[in-house]
Amino acid sequence: MKHPVDVHVGKRVRHRRWMVGMTQQQLGDIVGIKFQQIQKYETGMNRISASRLWDIAQALDVSISFFFEGFDEAEAVESAPAEVSATQRGDLLADKEALELVRSYYAIPETQRRRLFDLARVLSDVA
């Protein structure tokens, strides 16, 4: 049985890995494990030891606390009905397209990014 903390930490590992544009194979190579183990961590099937989490945090250039951020909110989301989609539950970063959009957004120079943000805000108000 998956523990909610392991599932949450795994999602955060996947989220950060996607944000930096790293594959499971690349992360596995950096921390010295096979990509299948990364898959198991990301799904919460396997628990990540403290030392391995430390290695993963260094590889992904985040603090260990990053992996636990938002856990209290995640507990409330877990109790939502199963038929509610991930985006409706607020787990937008579970959507690969949304993550790709965020990654692309942050690749845009800051002044242009600000203009794009303002445009998106205006368009969403109109819709």
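1. Helix 2, its cover. Helix 1, helix 3 and helix 4 are among the elements that cover the buried residues of helix 2. Contact here means heavy atoms within 4.5 Å. Buried means under 20% relative accessible area, exposed over 50%, and partly exposed in between (1.4 Å probe, protein chains only). Helices (H or I, at least four residues) and strands (E, at least two) are DSSP runs, numbered from the N terminus.

2. Basis. This is a predicted model, in which local features need pLDDT of at least 70, side-chain atom pairs count only at pLDDT 80 or more, and totals for chains, interfaces and linings use all residues. Residues are numbered from 1 along each chain as its sequence is written, and side-chain values use heavy atoms, with hydrogens and water left out.

3. Helix 2, its faces. The buried residues of helix 2 are Gln24, Leu27, Gly28 and Val31. Seen down the helix axis, they fall within an arc of 100 degrees, so they line one face of helix 2. That arc is taken from the directions from the helix axis to the C-beta atoms. Asp29 and Ile30 are exposed on the other side of helix 2. Just after helix 2, Gly32 has a positive phi of about 80 degrees.

4. Core. The largest nonpolar core holds 16 residues. Val13, Leu27, Ile48, Ile56, Leu60 and Phe67 have the most contacts inside it. Helix 1 (4–19), helix 2 (24–31), helix 3 (35–43) and helix 4 (50–60) each give two or more residues to this core. Helix 4 gives the most, with 4 residues. A nonpolar core is a set of buried Ala, Val, Leu, Ile, Met, Phe, Trp, Tyr and Cys residues joined through side-chain atoms within 4.5 Å.

5. Phe67. Leaving out residues up to four places away in sequence, Phe67 touches His8, Val9, Arg12, Val13, Leu53, Ile56, Ala57, Leu60 and Val62. Val13, Ile56 and Leu60 are also listed with Phe67 among the core residues with the most contacts.

6. Helix 1. The 16 residues of helix 1 should span 22 Å at 1.5 Å a residue. The end C-alpha atoms of helix 1 are 22 Å apart, which agrees. The expected span is 1.5 Å times one less than the number of residues. Buried in helix 1 are Asp6, Val7, His8, Val9, Gly10, Arg12, Val13, Arg14, His15, Arg17 and Trp18.

7. Asp6 pairs with Arg47 (2.9 Å, N to O). This pair links distant parts of the chain: Asp6 lies in helix 1, and Arg47 in the loop between helix 3 and helix 4, 41 residues apart. Asp6 is buried, with a relative accessible area of 14%, whereas Arg47 is exposed at 57%. Another salt bridge joins Glu42 and Arg17, with the closest N and O atoms 2.6 Å apart. Glu42 is in helix 3 and Arg17 in helix 1, 25 residues apart. Both Glu42 and Arg17 are buried.

8. Arg114 and Asp118 form a salt bridge, their closest N and O atoms being 3.6 Å apart. Both lie in helix 7 (residues 110–126), 4 residues apart, which means a separation of about one helical turn. Arg114 is partly exposed, with a relative accessible area of 46%. Asp118 is partly exposed too, at 36%.

Technical notes: Salt bridge = Lys/Arg side-chain N within 4 Å of Asp/Glu carboxyl O.
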